[in-house]
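Subject: Model handover and findings

Hello,

Here is the model we talked about, with the sequence alongside. Please open it first, then read my notes below.

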Amino acid sequence: MTRILATAAVEFRIALRNRWVAIAIAMMALFSVVLSAAGSAPTGALGADRLSVTVASLTSLAVYLVPLVALLMSFDGVAGEVERGTLPLLLTYPVTRSEVLAGKLLAHLGVLGLAVLVGYAIAAAAAIAVEPAAVQGLPALWRLMWSSALLGAAFLCLGYALSALARRPAGAAGLAIALWLVMIVLYDLGLLAAVVADGGGWFTTQVFPWLLLANPADAFRLFNLAASEATAAAAGIGGAANAIPAWQALTSVLAWPLLALALAVAAFRRVTP
Amino acid sequence: MTYNLEIADLTKTFGDVHALSDVSLAVAPGERVALLGHNGAGKSTLMKIVLGLVPHDAGKVSVMGAVPGSTAARRSVAYLPENVAFHPALTGQEQIAYYLRLRGLPAAGATDLLARVGLADAARRRIGTYSKGMRQRVGLAQALIGAPGLLVLDEPTSGLDPVSRRDFYALLDGLAAEGASILLSSHALTEVEARTDRLVILSAGCVVTDGALADLRRQADLPVHLHVTARDGHREQLAAALPGARMNGTGVALSCAQRDKLGILARIAGLGDMVADIDVQPPSLEDIYSHFSRRDGQ
């Protein structure tokens with residue numbers, strides 16, 4: 001545990017000096033402010049409090065931003081050490097590879113958590129300032145916060161796995177961007193096209209829900225929207241949220257970080273310094 | 001006798017390349033062993049196998065009685081890689097503190113370690129601003145952590161100025177005196193000759209010789225060069241008196257085998273007035289090194 005904490009402390013310091021902390025916080029804060037400003041139109045017609053509506057918007061934002069920031073921070077995790085030549089020395093210390101990854105994960109998750117906290121707090125403060133009754137939406141915001149951390153953890157670990165597979169920062173960066181595009185953007189588009197082509201048939205009713213659960217980003221969105229009253233205000237995928245129980249989405253959101261961490265450790269073990 | 005490092009019939013191939021073939025080597029507690037060889041002779045590979053970074057194909061390696069790379073082995077082995085690197089955003093102090101914590105020691109020891117390698121003043125500056133020699137010293141400082149039983153140092157003095165080199169070897173002497181085994185690699189025989197107990201020369205993955213410098217000298221049996229300065233006008237006479245001698249500017253030059261040296265010196269002394277001076281040049285360290293490391297026609 002000392003070794004994990006020592007690694008986390010060093011990695012956090014590096015993230016601070018590399019301006020990653022500042023960049024991540026600024027990004028989340030900026031998008032939250034924009035979102036709050038855009039969502040300040042009257043919401044009475046939806047029958048939900050303002051904060052719940054904000055949470056629904058933040059969910060759509062987090063689905064894009066949290067994985068992106070996570071991958072940007074993690075792609076260098078193993079490949080950077082290989083490139084700098086710091087890995088051989090580190091691995092002669094009495095520290096296991098899983099401890100090294102756990103330390104990095106802890107630090108990067110801390111940075112991401114900080115960014116999410118600041119961003120969401122700004123949005124929440126804006127909503128409550130306009131409409132004091134919006135405090136009803138705080139549980140939804142809290143749920144969004146910890147599920148965002150889990151989503152971030154999943155993509156941080158996927159980033160480490162890619163980093164270990166690529167062994168070069170440039171290659172790892174390419175893979176990370178490709179992963180983001182495929183899992184966050186193209187995956188949903190593909191599913192949408194398939195659902196449209198299927199026209200409500202076997203694919204839509206039997207396979208589609210499972211495919212949504214298989215993607216951590218979709219599972220995250222489903223979990224937050226299914227649990228929220230303001231589903232109707234959210235994206236088109238909200239319709240699917242009614243068909244999938246929240247506990248299934250939560251299981252996927254919880255399972256992905258563990259699965260991704262196992263993948264990352266397995267990939268890191270194959271790296272010969 | 002127990003050895004801190006024991007290697008027997010170690011073999012490692014990368015594809016078709018035989019990086020190491022049947023290498024056997026042992027380092028006793030308190031012993032300083034230099035590993036010499038050309039680039040690509042297998043020095044770094046051997047070290048990485050000892051550290052457990054690279055797996056080996058055949059043979060037996062025992063590090064402090066444990067399997068290389070095992071937790072027990074890593075606890076008591078220190079390593080200084082060739083061209084050691086650190087994260088440029090950390091200060092020397094932070095980097096050493098991290099390594100201390102990885103070994104389960106208090107981070108406060110960093111100041112003292114950096115002072116031992118002469119980096120007390122730069123401890124709070126980022127490593128990104130350090131010169132190569134300073135980075136090398138950070139590398140040395142981390143190798144000193146926690147009184148290791150075996151130090152594996154890959155070209156430890158590269159980038160260090162002559163004074164720093166001397167300080168570095170003084171540090172090593174101290175560690176060896178406390179019972180640490182030291183295995184270091186180098187290109188330069190001149191540098192390690194007085195500072196190590198034994199030399200192991202690797203060539204194309206094979207140990208070509210292993211012993212103290214005196215043993216190596218004997219084994220190589222390279223000719224001794226003599227230069228005899230003649231008194232004015234006696235050069236031709238001198239050359240005639242000494243078979244095999246070649247005339248040059250001030251006298252004659254000749255070479256002889258080690259065992260004939262004393263006989264020839266006696267003969268030259270017997271020439272009396274013809275001789276102004278005698279200069280004896282034993283084979284240089286470079287000659288000995290080349291003799292061993294070029295056996296394979298390199």
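Let me start with one residue. Phe31(A) sits in helix α2 (residues 20-38) of chain A. Helices (H or I, at least four residues) and strands (E, at least two) are DSSP runs, numbered from the N terminus. Is Phe31(A) buried or partly exposed? Phe31(A) counts as partly exposed, because it has 19 C-beta neighbours inside 10 Å. The cut-offs: buried is 20 or more other C-beta atoms within 10 Å of the residue's own, exposed is 12 or fewer, and partly exposed is in between, with C-beta atoms placed from the backbone. From Phe31(A) to Val185(A) it is 154 residues in sequence and 18 Å in space, C-alpha to C-alpha.

A word on the conventions. The model is predicted: local features need pLDDT of at least 70, side-chain atom pairs count only at pLDDT 80 or more, and totals for chains, interfaces and linings use all residues. Residues are numbered from 1 along each chain as its sequence is written, while chains are lettered from A and ligands numbered from 1 in the order in which they are written.

Chain A

Chain A has 12 helices and 0 strands. The pattern along the sequence is therefore α-α-α-α-α-α-α-α-α-α-α-α. The radius of gyration of chain A is 20 Å, close to the 19 Å from the globule rule for 273 residues, so chain A is as compact as a globular protein of that length. That radius is taken over C-alpha atoms, and the rule is 2.2 Å times the number of residues to the power 0.38. The C-alpha trace of chain A spans about 65 × 45 × 30 Å along its principal axes. Of the 273 residues in chain A, 47% are buried. Among contacts in chain A with a separation of 6 or more, 83% come from residues 24 or more positions apart.

Now the strands. In chain B, 3 strands form an open sheet in the order β2-β1-β4, with antiparallel pairing. Two strands pair if DSSP finds at least two bridges between them. The edge strands are β2 (17-27) and β4 (58-63) of chain B, each pairing on one side only. Neighbouring strands in this sheet are turned by 25° against each other on average, direction ignored. The axes behind that angle are lines fitted to C-alpha atoms, for helices over the stretch in contact, and angles run from 0 to 180 degrees between N-to-C directions. Strand β1 (residues 5-14) of chain B pairs with β4(B) over 5 bridges, in the antiparallel sense. Glu6(B) stands opposite Ser62(B) in β4(B).

Further along, strand β10 (residues 224-230) and strand β12 (residues 251-256) of chain B run antiparallel, joined by 6 bridges. Val228(B) has Val252(B) in β12(B) as its bridge partner. Strand β11 (residues 246-247) of chain B is also antiparallel to β12(B), with 2 bridges. There, Arg246(B) is bridged to Ala253(B). β11(B) and β12(B) form a hairpin with 3 residues between them.

Two phi values to check

Most residues other than glycine have a negative phi. Asn83(B) has a positive phi, near 50°. Asn83(B) lies in the loop between β5 and α3 of chain B, and is partly exposed with 13 C-beta neighbours inside 10 Å. Ala204(B) also has a positive phi, about 50°. Its loop runs between β8 (198-203) and β9 (206-211) of chain B. Ala204(B) is buried, with 20 other C-beta atoms within 10 Å.

The interface

Best wishes

Conventions:
Two residues are in contact if their C-beta atoms, placed from the backbone, lie within 7 Å.
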